[in-house]
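Open the model in your viewer and keep the sequence panel beside it. Each stop below gives you something to select and then tells you what is there.

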Amino acid sequence: MNLENSLYKVRPLKKFDKEIILPTSKSHSNRALILGAIRGGNFKVHNLSTSTDVTHLLNAFKKIGLRIRQNGSTVIFENSFPECEKESSGDVIELMTGDGGTTNRFLIALLARGKKEYHLRPSEKMNERPIEDLLAPLKKISVNIVCNQDKNNPEAWIKMKGPASLYNTTKLEVDCSKSTQFASALMLAFSNIPLKFEFLNLKSSEAYLKMTSQVIKKATEGNSYTIPVDFSSLGYPAALAALMGRVLIKNCLEIDSLQADSSFIELLKEIGAHRVLSNDGLEIKKGSALKAFSFDVSKAPDLFPTLVFLAAHIEGESTFSKLEVLQFKESDRLLEMVKMMKSFGVEFIHSPENDSMTIKGSAKTYPEVTIQPVRDHRIVMAAALFMWKNSGGMLGEVDCIEKSFPNFLSLLE
């Protein structure tokens with residue numbers, strides 16, 4: 001393929017003044033879907049995200065025998081797992097699971113409760129991302145799992161067969177040093193069993209464990225769950241508005257503190273952007289003079305690319321700490337954002353020994369560039385923000401944005 005033919009022309013924005021509807025949370029969606037799979041009994045999930053992470057999970061559910069009706073953005077679970085296994089065909093079931101961390105990790109934990117053999121075949125670089133800290137506790141409860149991380153080996157990434165045996169097991173230890181998704185996966189999959197968990201090396205993303213606990217609690221209080229707006233997606237238009245104008249997010253009627261990325265809204269207030277939450281939605285407006293800031297990346301690592309964009313355009317020095325967690329995402333996001341800043345000419349200092357970074361922001365206009373980024377949706381969207389705010393450019397891999405924000409380009413440009 002000719003590289004030029006794969007690039008998307010991003011034109012600089014003269015102004016940014018939008019009233020928009022944002023995607024709902026894929027983090028909430030995949031948690032609620034796992035609970036729906038366990039509950040059955042016409043359990044409903046409303047306002048489901050349309051991200052590819054969510055559609056891959058739904059497709060896998062249908063293949064393992066779950067009967068799911070869909071009415072607009074609502075899905076209804078007619079039966080439950082693992083009872084539904086009798087409705088699936090074959091003793092070995094092959095599943096194409098995409099590149100989503102929650103999709104794959106949550107599904108592995110759920111399938112551990114079944115009796116059939118499952119082979120998972122993810123896409124992109126999912127099979128290179130950490131997984132052993134989820135497999136280890138499952139192996140301790142008698143789940144037979146083989147993991148193939150050799151990308152040149154045609155065998156499935158995960159081959160597994162349960163069911164998990166909890167005989168004489170009341171507590172599982174889960175190492176969370178690389179991701180809290182391992183703990184969330186187990187909490188969700190065994191949510192209707194009196195099993196306790198001990199979280200080891202909990203260094204980052206603790207808010208997502210609180211989200212998991214609250215989703216479980218709310219889902220068990222009734223027979224439905226409604227998905228809120230996605231605050232990871234919200235960060236992109238909010239950052240543009242804070243620097244360039246205004247945005248009204250019409251479907252954001254409350255701040256969902258369960259999403260770690262909702263901390264961005266408070267940060268915008270602290271640095272001088274205007275924000276108003278009303279019955280009309282959440283409105284963000286440009287401030288007269290935004291202030292440089294400090295941010296602990298371990299608390300909300302998905303915000304890092306957006307915050308780099310923001311810091312690069314605020315005069316003064318913004319600092320980021322606890323960057324280590326960034327290497328375990330869809331890409332090494334620290335490395336990729338360093339490359340991007342170099343492409344645009346952003347001044348920064350990275351201190352590996354202190355696990356920190358300082359960005360010297362500027363009011364200048366950064367140049368037009370061509371970027372062929374790694375296939376990581378958040379890196380691609382951050383590059384688009386830079387281009388919209390500055391001189392435009394050519395951007396590759398834009399199709400991977402569908403992982404979390406399918407209409408990102410058409411909605412914001």
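Predicted model: local features only at pLDDT ≥ 70, side-chain atom pairs only at ≥ 80, totals over all residues.

## Stop 1

Select helix 11, residues 377-389. Helix 11 lies across strand 1, strand 20 and strand 21. Against strand 21, helix 11 runs at about 170 degrees.

Three strands form an open sheet in the order 1-21-20, and the pairing is mixed. Which strands stand at the edges? Colour strand 1 (8-10) and strand 20 (369-371): these are the edge strands, each with a single partner strand, so one side of each is left without a neighbour in the sheet. On average, neighbouring strands here are turned by 20 degrees against each other, direction ignored.

Zoom in on strand 1 and strand 21, residues 393-395. The two pair in the antiparallel sense, over three bridges. Pick V10 and look across to strand 21: the residue opposite is G393.

## Stop 2

Select strand 4 together with strand 5, residues 74-77. They pair in the antiparallel sense over four bridges. Click R69 and find its bridge partner in strand 5, which is I76.

## Stop 1: the core

In soluble globular proteins, nonpolar side chains tend to be buried together. Here, the largest nonpolar core holds 143 residues. Which members touch the most others? Select F61 and F408.

Stay on F408 and show its contacts. Setting aside residues up to four places away in sequence, F408 touches Y236, M381, A384, L385, W388 and I401.

## Stop 2: an enclosed helix

Select helix 9, residues 304-312. How many of its nine residues are buried? Nine of the nine are, so helix 9 is largely enclosed by the rest of the structure. Among the buried residues are F304, P305, L307 and F309. T306 is buried as well.

## Stop 5

Start with Q181, in helix 5 (residues 181-189). Is Q181 buried or exposed? Its relative accessible area is 17%. The cut-off for buried is under 20%, so Q181 counts as buried.

Show what surrounds Q181. Beyond residues up to four places away in sequence, Q181 touches G101, T102, R105 and F106. Draw a distance from the side chain of Q181 to the backbone nitrogen of T102: it reads 3.5 Å. Then pick Y208. Q181 and Y208 are 27 residues apart in sequence, and their C-alpha atoms are 7.9 Å apart in space.

Finish at E336, in helix 10 (residues 333-344). E336 is also buried, with a relative accessible area of 11%. Leaving aside neighbours within four places in sequence, E336 is in contact with S331, V374 and I379.

How values were computed: Residues numbered from 1 in each chain as written. Heavy atoms only, no water. Pairing = 2+ DSSP bridges. Core = buried A, V, L, I, M, F, W, Y, C linked by side-chain atoms within 4.5 Å. Buried < 20%, exposed > 50% of the residue type's maximum accessible area, 1.4 Å probe, protein only. Contact = heavy atoms within 4.5 Å. Polar contact = N/O pair within 3.5 Å; in protein donor to acceptor, adjacent residues only side chain to side chain. Axes fitted to C-alpha atoms, helices over the stretch in contact; angles between N-to-C directions.
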